[in-house]
Amino acid sequence: MRVVVQRVASASVAVDGQITGEIGRGLLVLAGFEPDDGDADLDWMAGKLVRLRLFPDEVGVMNRSVAEVGGEILAVSQFTLYASVKKGNRPSWSRAARGEVSGPLFERFVGQLSAQLGRPVPTGVFGADMQVALVNDGPVTLAVDSRDPE
């Protein structure tokens, strides 16, 4: 499982001009899945995101988590995180899980995030053409992979 997480002042996702999810201060999480991702990947990633210290404390040091600051999380599925650009100029998506696998993984991941954050996590519409708007705060942007946690 791979995510790109951005600390945001606000973010929203829309489908066909209708907002399907929006948040104020918090994290925008773009999530992609491989075919062999499982519950261990989802649990690890949800816990890591909820506990990552990406928000400033009283002296401006990134020392607080989204949970500690009462922030929100907006989750958006994004298979393109597994693009391979090794050959030619057209990306290959062969490492990305197909929709019938990644859809249920995304739903379980959102459930884990909600449970660990203690509040609902809004989302886009799985598989839809989505427009994501955000105000990146910082900017703070990280890429996190459950198979390569560094």
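**Stop 1**

Select Phe33, Leu49, Ile73, Phe109 and Leu113. In this predicted model, these residues have the most contacts inside the largest nonpolar core, which has 28 residues. Now colour by element. Strand E1 (2–15), E3, H1, E6, H2 and E7 each supply at least two residues of this core. The largest share comes from H2, with six residues.

Stay on Ile73 and show what surrounds this residue. Beyond residues up to four places away in sequence, Ile73 touches Ile23, Leu27, Val29, Val50 and Val66 among others. Leu113, Leu117, Val121 and Pro122 are also touched by Ile73.

**Stop 2: helix H2**

Select residues 99–117, which form helix H2. How far apart are the end C-alpha atoms of H2? They are 26 Å apart. At 1.5 Å a residue, the 19 residues should span 27 Å, so the two values agree.

Next, pick out the buried residues of H2. They are Ser102, Gly103, Leu105, Phe106, Phe109, Val110, Leu113, Ser114 and Leu117. What do they pack against? Show strand E3 (26–32), helix H1 (39–51) and E6: the buried residues of H2 pack against these elements. Then step just past the helix to Gly118. Gly118 takes a positive phi of about 85°.

**Stop 3**

Ala97 is found in the loop between E6 and H2. Is Ala97 buried or exposed? A relative accessible area of 9% falls under the 20% cut-off, so Ala97 is buried. Leaving aside neighbours within four places in sequence, Ala97 is in contact with Phe33, Glu34, Pro35 and Ser102.

Draw a C-alpha to C-alpha distance from Ala97 to Asp37. The two are 60 residues apart in sequence and 8.6 Å apart in space.

Now centre on Asp37. Asp37 sits in the loop between E3 and H1. Its relative accessibility is 7%, so Asp37 counts as buried. Show polar contacts. The Asp37 side chain reaches the backbone nitrogen of Glu34 at 2.7 Å. The side chain of Asp37 also makes a polar contact with the side chain of Arg147, at 3.0 Å. Leaving aside neighbours within four places in sequence, the contacts of Asp37 are Met1, Gly32, Tyr82, Leu105, Ser146 and Arg147.

**Stop 4: Asp145**

Move to Asp145, in strand E7 (residues 131–145). Asp145 has 12% relative accessibility and therefore counts as buried. Which side chain does Asp145 join through a polar contact? Its partner is the side chain of Arg2, at 3.0 Å. Residues up to four places away in sequence aside, Asp145 touches Met1, Arg2, Trp44, Met45 and Tyr82.

**Stop 5: backbone details**

Stay in strand E7 and select Pro139. The peptide bond from Gly138 to Pro139 is cis, with omega near 0°.

Then go to Asp16, in the loop between E1 and strand E2 (18–23). Phi of Asp16 is near 50°, a positive value in a residue other than glycine. Asp16 has a relative accessible area of 70%, so this residue is exposed.

**Stop 6: the largest pocket**

Select Ser77, Gln78, Phe79, Ala128 and Met130. Among the 23 residues that line the largest pocket, these lie nearest its centre. The elements giving two or more residues to the lining are E3, E6, H2 and E7. Which of them gives the largest share? E3 does, with four residues. How much space lies in the pocket? About 320 Å³.

**Last stop: Val69**

Finish at Val69. Val69 lies in the loop between strand E5 (62–64) and strand E6 (72–77). At 23% relative accessibility, Val69 counts as partly exposed. Leaving aside neighbours within four places in sequence, Val69 is in contact with Arg25, Phe55 and Arg64.

Definitions and conventions: Residues numbered from 1 in each chain as written. Predicted model: local features only at pLDDT ≥ 70, side-chain atom pairs only at ≥ 80, totals over all residues. Heavy atoms only, no water. Buried < 20%, exposed > 50% of the residue type's maximum accessible area, 1.4 Å probe, protein only. Polar contact = N/O pair within 3.5 Å; in protein donor to acceptor, adjacent residues only side chain to side chain. Contact = heavy atoms within 4.5 Å. Expected span 1.5 Å × (residues − 1). Core = buried A, V, L, I, M, F, W, Y, C linked by side-chain atoms within 4.5 Å. 1 Å grid on protein atoms, 1.4 Å probe; cavity = no way out; pocket = protein on both sides within 12 Å on 5 of 7 lines; lining within 4 Å. Points joined across faces, edges and corners; volume = space filled by probe spheres on them.
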